[in-house]
Each structure stands twice: as structure tokens, then as C-alpha cells.
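Subject: Structure handover

Hello,

Here is the structure I said I would pass on. Please keep it open while you read the notes below it.

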Amino acid sequence: MRIVILGAGFGGLELATILSDALGDDAGVTLIDENDAFLFGYSKLDVMFGRAALGDVRLPYADFAKPGVLFLRETITAIDPDARRVTTNAGVHEADVLVVALGADYDFDATPGLVEGGSEFYSAVGAERLRGVLPGFTRGRAIVGVCGAPFKCPPAPSEAALLLHDYLSERGVRDDCEIALVMPFGTPVPPSPDTSAALLAAFAERGIEFVPGRRVSSLDPARRVAMLDDGAELPYDLFLGVPKHRAPGVVLASGMAEDGYVPVDSRTLETRFPDVYAVGDVATVGVPKAGVFSEGAARIVAASLVAQLQGGERPAAYDGRGSCYVEFGAGSVGRVDVDFLSGPKPTGTFQEPSADLVAEKQHFGASRRARWFNR
Ligand SMILES: Cc1cc2nc3c(=O)[nH]c(=O)nc-3n(C[C@H](O)[C@H](O)[C@H](O)COP(=O)(O)OP(=O)(O)OC[C@H]3O[C@@H](n4cnc5c(N)ncnc54)[C@H](O)[C@@H]3O)c2cc1C
């Protein structure tokens with residue numbers, strides 16, 4: 001069976017690894033990505049605040065060597081889900097099973113003024129650029145502003161605001177600066193009231209203004225003002241944006257997407273096209289856009305394919321559960337465990353920041369580096 005996986009992010013890497021472990025040289029997997037390296041989302045915060053160099057956190061796909069998996073560095077230019085045919089800048093790939101794991105892309109044009117008048121920390125390029133900009137910010141108002149929902153890793157804007165507080169404090173300029181956080185949710189992490197309460201308390205202690213229930217709709221670079229979706233205006237000296245997200249253009253052009261993402265059966269990750277699955281941020285699954293959920297979805301698809309090939313039982317339905325580590329600043333890390341699919345509404349529990357959770361977060365990264373990249 002020719003299994004073609006599009007995208008080598010959290011979802012694609014986990015899926016290819018499980019298939020290789022289970023099927024070895026016979027896995028018949030082709031994994032395609034246009035990049036030459038993988039990056040954990042949270043590494044962008046480390047890069048932006050100068051805690052790590054981009055080169056040190058990039059994980060080259062050259063180190064992803066798995067039996068039965070062929071990695072191709074190619075740009076996907078067209079997907080035909082009916083024929084399960086993929087066109088890239090290097091040729092055409094026919095699949096018996098196609099798995100779309102192309103993540104969410106950024107729609108910078110959806111927020112007029114963002115490119116000219118602001119910065120963003122959600123791409124590697126944006127984080128690297130901010131690393132050079134932040135040292136020059138010594139007074140005035142910084143806004144961490146979300147330009148649309150859904151967006152990846154819902155706690156990340158809160159983390160950015162708290163880490164910015166640390167960064168400015170360490171440099172002795174915090175008293176000359178204001179920090180505001182604009183978010184389209186009513187609370188920082190809606191499914192977990194305890195996590196939200198802990199974050200709101202952390203903002204209050206540090207004098208970070210939380211502006212809930214609104215998104216940034218445009219920037220006026222000439223006046224240095226952020227326009228919110230309710231018509232309010234917030235002046236800024238430094239704008240750290242979370243751009244509006246959407247599925248990559250090639251997915252939108254394929255006819256697979258509805259309302260910006262690929263609809264799937266959330267129990268099985270099947271699309272409406274036979275033998276075509278979609279996992280992770282590219283899909284509408286009913287879970288947040290975060291690496292842990294992309295991995296969880298990939299595990300269900302892997303188990304289905306292994307069962308199909310080896311005649312075992314199909315896996316249970318995807319449960320939509322995941323844990324995210326939350327940076328509270330000053331080196332402390334908390335954890336939120338969320339469950340999106342098993343009950344009538346999403347729920348979440350919170351673990352207070354602790355030294356154990358700092359170690360757990362390190363283990364989260366180290367275990368994936370070892371498992372996927374033999375590091
Ligand atoms: C600041 C920040 C902090 C975060 N922190 C966390 C965290 O602590 N925990 C967590 O779980 N998640 C976190 N995330 C979210 C996480 O990074 C994403 O949700 C996750 O990467 C999604 O995995 P995925 O496999 O669905 O897609 P991705 O990891 O985005 O992978 C998609 C892949 O597709 C490739 N691709 C796209 N288009 C093409 C094309 N046309 N041709 C070829 N290749 C293509 C891309 O190069 C990419 O490698 C964070 C994100 C950010 C931005």
C-alpha cells in the first residue's frame with residue numbers, strides 16, 4: 001500500500017514513525033515537506049526572547065531516518081483528493097492512502113497594516129526578526145494581539161506577554177513600558193477556568209492589561225494604533241501579533257476545505273474522500289490547534305492503517321485529549337489537561353507551576369527529538 005503523508009510536522013512525523021515501527025521496511029510511506037527542518041512551536045518564544053538561537057532549535061529532516069519511510073523535500077503544488085494524486089515542484093505522487101497533515105498557514109493580508117506596522121512571533125522568520133527588534137524597545141506600550149481565531153496553541157499569547165514582562169524587567173525598563181494582551185476569548189484558556197484564573201492572577205501581579213473578547217482587525221502604522229473588532233483603538237509602540245490562520249493555499253485550492261479547513265469525522269480523521277485522511281491543524285476536528293492534538297490524531301490514523309494492513313481491530317474513536325505546558329515566566333511552567341471530545345462540552349484541569357513540570361516540559365521535547373530525530 002502506498003501511503004503518502006503530506007507535511008512533516010507533529011502529525012506527519014508521528015504518523016510516519018508509528019507506521020515505520022509497526023511495518024518496518026514494508027511501510028511504503030512517502031513523507032513530503034518543503035522545509036529542511038522541523039521546529040517545535042514553543043521554540044519560537046525561545047528564539048524571540050533570545051533564549052535560544054534558531055540554528056540550535058531546528059531539527060533537520062536529514063536526521064529523520066526510518067525504515068520504510070522515504071522523506072522528500074518538495075513543495076506540494078496540487079492535491080487531487082478524488083484520484084489521491086499529489087503534484088509537487090518535482091513530480092507527481094500517486095497514493096493508495098493519502099494523509100494531509102499540512103498544518104495551518106498565516107493569512108497576513110487579512111489584517112491590514114500588520115506587515116507594514118507590526119511584528120509577529122508565530123513564524124520562525126517573525127520570531128527571529130523580533131529577536132533583533134526587542135532590544136530596541138525600552139519605553140512605551142507593547143501589545144500582544146491576536147488577529148483571528150482559531151489560532152495555534154491558545155496559551156501561547158499569554159505566555160508571550162508573561163515572558164515579555166520578564167524580558168523587560170531583566171533589562172531594567174519594565175517600569176517605562178506597558179503590556180496589553182488582546183484576545184478573542186473571554187478568558188485566556190476557556191476550557192479550563194483554573195488555568196485562566198491562574199493566568200489572570202499572573203497578569204494582575206505583573207501589571208499586564210488583559211483585553212478579552214476582542215481581536216485586532218487592523219493596524220494603522222502611521223498613527224501606531226491597533227484597531228479592534230469592536231471599533232476601539234489601542235495605541236502601541238511595539239505590536240507582537242498572532243496572525244489570522246487558515247489552511248495552506250494548496251489545501252484551499254484542492255476543494256477539500258470548508259470554512260478554511262478540512263472537515264473530518266472527528267472519531268476517525270477520515271475526510272469525505274475515500275482513503276484520504278486529514279490530521280492536525282489543517283483539519284476541523286473540534287480540538288485546539290496544537291502539536292499534542294496533531295500527534296493524537298496521527299496515532300488514530302496510524303492504528304487504523306496498521307489494522308487494515310495486518311487485519312487487527314480498528315482503534316477506538318479519537319478522544320480529543322491533550323496536555324499543554326504553560327510558561328508563567330521566571331522559569332516556571334504549569335500544565336493544562338484538556339478533553340474536547342469525550343463529554344458534552346470541553347473541560348480542562350490545571351496543575352500549578354512546579355519544578356516537576358519544568359522537567360516534564362523538557363522531557364516532552366527531548367522524547368520527540370529522540371523518537372523522531374534519533375537525538
Ligand atoms: C508560539 C507557538 C507556541 C506553541 N506551543 C505549543 C506547545 O507548547 N504545545 C503544543 O502542542 N503545540 C504548540 N504550538 C502549536 C504547534 O506548533 C502546532 O499546533 C503544530 O505544529 C501542528 O502540527 P501539524 O502537524 O498539524 O502541522 P505543522 O507542525 O505546522 O506541520 C505542517 C507541515 O506542512 C508543511 N507544509 C505546508 N505547506 C506545504 C506545501 N505546500 N508543501 C510542502 N510542505 C508543506 C510545513 O512545512 C510543515 O512542516 C505552538 C505554536 C506556536 C506558534
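This is a predicted model: local features need pLDDT of at least 70, side-chain atom pairs count only at pLDDT 80 or more; totals for chains, interfaces and linings use all residues.

Residues are numbered from 1 along each chain as its sequence is written, and side-chain values use heavy atoms, with hydrogens and water left out.

The parallel sheet

Helices (H or I, at least four residues) and strands (E, at least two) are DSSP runs, numbered from the N terminus. Two strands count as paired if DSSP finds at least two bridges between them.

Five strands make up an open sheet with parallel pairing, in the order E5-E2-E1-E9-E21. Strand E5 (69-73) and strand E21 (276-278) are at the edges with a single partner strand each, so one side of each has no neighbour in the sheet. From one strand to the next, the twist averages 15°. For this and the later angles, axes are lines fitted to C-alpha atoms (for helices, over the stretch in contact), and angles run from 0 to 180 degrees between N-to-C directions.

Strand E1 (residues 3-6) is joined to strand E9 (residues 97-100) by 4 bridges in the parallel sense. Across this pair, isoleucine 3 is opposite valine 97, and leucine 6 has valine 100 as its bridge partner. E9 also runs parallel to E21, with 3 bridges between them; here leucine 98 is opposite valine 276.

Is E9 covered on one face or on both? Both: Val97 and Val99 on one side, and Leu98 and Val100 on the other, are all buried. Buried means under 20% relative accessible area, exposed means over 50%, and partly exposed is in between (1.4 Å probe, protein chains only).

The antiparallel sheet

Another open sheet has 3 strands in the order E23-E24-E25, with antiparallel pairing. Its edges are strand E23 (321-329) and strand E25 (347-351); each has a single partner strand, so one side of each is left without a neighbour in the sheet. The twist here averages 25° from one strand to the next.

E23 pairs with strand E24 (residues 332-339) in the antiparallel sense over 8 bridges. Within that pairing, cysteine 324 has valine 336 in E24 as its bridge partner. Helix H10 (residues 355-373) packs on this sheet and touches E23, E24 and E25, its direction making about 70° with that of E24. Contact means heavy atoms within 4.5 Å. H9 lies across E23 and E24 and runs at about 165° to E23.

The cavity

Rolling a probe the size of a water molecule over the atoms shows where empty space is left. On a 1 Å grid over the protein atoms alone, a cavity is a set of points where a 1.4 Å probe fits but cannot get out, and lining residues have an atom within 4 Å of a point. Grid points are joined across faces, edges and corners, and a volume is the space filled by probe spheres set on the points.

How many cavities of 30 Å³ or more are found in the whole structure? The search finds 1. The largest cavity holds about 80 Å³ of space. Its lining has 13 residues, and Gly280, Asp281, Val285, Val287 and Pro288 lie nearest its centre. H9 gives the most to this lining, with 3 residues.

Most residues other than glycine have a negative phi, and most peptide bonds are trans. The peptide bond from alanine 149 to proline 150 is cis, with omega near 0°. Proline 150 is in the loop between strand E12 (140-146) and helix H6 (156-170).

Arginine 84 has a positive phi of about 50° and sits in the loop between strand E6 (76-80) and strand E7 (85-88). Alanine 330 has a positive phi near 50° and belongs to the loop between E23 and E24. Arginine 84 counts as buried, at 19% relative accessibility, whereas alanine 330 is exposed, at 69%.

Aspartate 63 is in the loop between strand E4 (59-60) and E5, and is partly exposed at 27% relative accessibility. Aspartate 63 and phenylalanine 373 are 310 residues apart in sequence, yet 5.1 Å apart in space, C-alpha to C-alpha. Leaving aside neighbours within four places in sequence, aspartate 63 is in contact with Trp372, Phe373, Asn374 and Arg375.

Regards

Conventions:
On a 1 Å grid over the protein atoms alone, a cavity is a set of points where a 1.4 Å probe fits but cannot get out, and a pocket is an open set with protein on both sides within 12 Å along at least five of seven lines; lining residues have an atom within 4 Å of a point.
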